[in-house]
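The following report describes one protein model for computational work.

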Amino acid sequence: MAEGFHDLDWLTRTRAEGDVNAWLERLPYARFIGVTASRDLDGDGMIFHLEPGEHNIGNVLLPALHGGVVAAFMETAGTLDLMLSAREPRLPSIVDFSIDYLRTARVVPTHAKCRLLREGRRLANVQVVAWQESEALPVATARMHLVLGALEPRDA
């Protein structure tokens, strides 16, 4: 996880405010590929967004987003969504990430929603669904298992 996430006061404050974009600002690769987040107006969670960009294209003949970009987008979304929805501020580490590519991810805005399936004392399971024009037609689904690390204040 990027530097700054170990600042317990900052993480607690941004988490309470639901300021996922403050977290994204500290993740260089997420910024590079164009990940943002907004409140889900139809639900109580977040929707993550991946803006199309030429540097995200994997197949220029179709054109289509690179599968690794789609996976990184979904991994980022799942991790940050867990950090927001967990019972307490924690820094998760990915143990396992499994993705199913369901259709070609064209070079158009892509969105993702996450669902916390289980949060135990040490492990969490998250499901991520990514789509483009219609949430009913996902381009990919993913399952993540994460270890939940405790946050401890660092000495100055």
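Proline 63 is located in the loop between strand S3 (57–59) and strand S4 (64–65); strands (E, at least two residues) and helices (H or I, at least four) are DSSP runs, numbered from the N terminus. The peptide bond that joins leucine 62 to proline 63 is cis, with omega near -20°.

The model is predicted: local features need pLDDT of at least 70 and side-chain atom pairs count only at pLDDT 80 or more, while totals for chains, interfaces and linings use all residues. Residues are numbered from 1 along each chain as its sequence is written, and side-chain values use heavy atoms, with hydrogens and water left out.

**Sheet and helix**

Six strands form an open sheet in the order S1-S2-S6-S7-S8-S5, with antiparallel pairing; two strands pair if DSSP finds at least two bridges between them. Strand S1 (35–39) and strand S5 (90–101) are the edge strands, each pairing on one side only. On average, neighbouring strands of the sheet are turned by 30° against each other, direction ignored. Axes are lines fitted to C-alpha atoms, for helices over the stretch in contact, and angles run from 0 to 180 degrees between N-to-C directions.

Within the sheet, strand S6 (residues 110–119) and strand S7 (residues 123–131) pair in the antiparallel sense over eight bridges. Lysine 113 has valine 129 in S7 as its bridge partner. Helix H4 (residues 67–85) packs on the sheet and touches S1, strand S2 (46–50), S5, S6, S7 and strand S8 (138–150), contact being heavy atoms within 4.5 Å. The direction of H4 makes about 140° with that of S5.

**Second largest pocket**

The second largest pocket has a volume of about 180 Å³. A pocket is an open set of points on a 1 Å grid over the protein atoms alone, where a 1.4 Å probe fits, with protein on both sides within 12 Å along at least five of seven lines; lining residues have an atom within 4 Å of a point. A volume is the space filled by probe spheres set on the points, which are joined across faces, edges and corners.

The lining residues divide by class as follows, with Gly counted as polar.

| Class | Lining residues |
|---|---|
| Nonpolar | four residues |
| Polar | three residues |

Asp40 and Lys113 are among the lining residues.

**Salt bridge**

The side chains of aspartate 40 and lysine 113 meet in a salt bridge (3.1 Å, N to O), defined as a side-chain nitrogen of Lys or Arg within 4 Å of a carboxyl oxygen of Asp or Glu. Aspartate 40 lies in the loop between S1 and S2 and lysine 113 in strand S6, so the pair ties together parts that are 73 residues apart in sequence.
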